[in-house]
Amino acid sequence: MPGIRITGWGTALPDKVVTNHDLAQTVSTTDEWITDRTGIKERRVGGTTTGLAVEAGQKAMDVAGLAPADIQMVILATTSPDRQVPASASAVQRELGLSCAAFDLNAACSGFVYALVADGFVKSGLDKILVIGSETLSRITDWTDRNTCILFADGAGAAVVEASADDTGDLLGFSMSSDGTLEYALFAEVGGNLQMEGRAVFKNAVLVMETAARDAMTSAGVTADDIDVVIPHQANIRIIDASCRRLGIPTDKALTVLHYTGNTSAASIPLAMVDGIEHGRIKKGDLVLMVGFGAGMTSAASVMRWSADT
Ligand code: ACO
């Protein structure tokens, strides 16, 4: 049975930039505090989850050289859909002119890695799947709450996932998990804003990132020494550094964009992935570890041998 390859990629970020200095005008915080505690300097805000997903998805199709008729499924990872019903994936499908299955996947910030279940759809016969992480968290953020408004932002990242010609594909190891007992640490009621116990999220994030990454590496039959590039969820530079230390992976192998994107939940890993491709940090042949965690508390990791020309 075939595996999967990533053959196209693209991103979308809103034009509007909100800096830490801007936030210091509206809530009791400082650029120094936000930078020291999170690594975030600025974030992008605006647009719709569908609009950002369409822009990122179209770019990914262009890179892969695919026409709308080629795509057989859209998986939209999002925790901030534009409507309660229907799935925003259906609007993305319509706007991109696709004729195919489409559904939303809500695994919070682990959503993009969860969406690599595309591998299973490929094994059951599909060839070309568009996987997108897109969020407009600014719409479910209380901009008067300094605990959360310094973190969350908007953006999208997309990948075209195609069936590989061989039986292996690029996805060598995979892990997904959820611990619903930690739901209290980060949630938003329907129609409400994100509420978070930051310290609980921080502590558990470091633990589940390590566990997910180790599980994926074990199923791939590789060790931390083999990893060339880490693409972590972009929530907090201290969580990324602590997780890399626990895994024994040098922190300079981790791609980061959070300083200019903030935490874009399901979009954060593909945003960092595309940034890494564009800056020569991901090269053909690299062993790439993606690892995410998020509300739920979900976690997921994948180990891929990158086979596309970058
Ligand atoms: N500016 C200034 N001071 C602040 C701010 C702020 N924005 N926010 C909190 N403080 C204060 C607190 O009130 C507290 O003051 P006190 O000591 O007088 O009580 C002090 O700073 C320390 O607060 P802590 O909450 O202990 O700060 P911490 O070092 O834990 O940093 C942070 C807070 C950045 C939120 C951190 O806990 C964190 O990053 N947690 C993980 C959050 C996360 O990753 N969320 C996303 C999950 S992914 C998803 O699914 C969307």
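**Ground rules.** I number residues from 1 along each chain as its sequence is written, and I leave hydrogens and water out, so side-chain values use heavy atoms. Because the model is predicted, local features need pLDDT of at least 70 and side-chain atom pairs need 80 or more, while totals for chains, interfaces and linings use all residues.

**Around the ligand.** I found 26 residues around the ligand, counting a residue when one of its heavy atoms lies within 4 Å. Thr 29, Arg 37, Cys 109, Arg 199 and Asn 236 come nearest. By class I noted 13 nonpolar, 9 polar (Gly is put here) and 4 charged (Asp, Glu, Lys, Arg) residues.

**Polar contacts.** I looked for pairs of N or O atoms within 3.5 Å. A polar side-chain atom of Thr 29 sits 2.7 Å from a ligand nitrogen, and one of Trp 33 sits 3.4 Å from a ligand nitrogen. At Gly 198, a polar backbone atom is 3.0 Å from a nitrogen of the ligand. The protein covers 76% of the 1000 Å² of accessible area that the ligand has on its own (Shrake-Rupley, 1.4 Å probe).

**Helix 8.** Which element gives the most to the shell around the ligand? I found helix 8, with 4 residues; helices here are DSSP runs (H or I) of at least four residues.

**The core.** The largest nonpolar core has 48 residues, all buried (under 20% relative accessible area, 1.4 Å probe, protein chains only) and joined through side-chain atoms within 4.5 Å. Ile 227, Leu 289, Phe 293 and Val 303 have the most contacts inside this core. Helix 8 turned up again, with the largest share, 11 residues.

Conventions:
A polar contact is a pair of N or O atoms within 3.5 Å; within protein, one must be able to donate a hydrogen and the other to accept it, and residues adjacent in sequence count only if both atoms are side-chain atoms. Helices (H or I, at least four residues) and strands (E, at least two) are DSSP runs, numbered from the N terminus. Buried means under 20% relative accessible area, exposed over 50%, partly exposed in between (1.4 Å probe, protein chains only).
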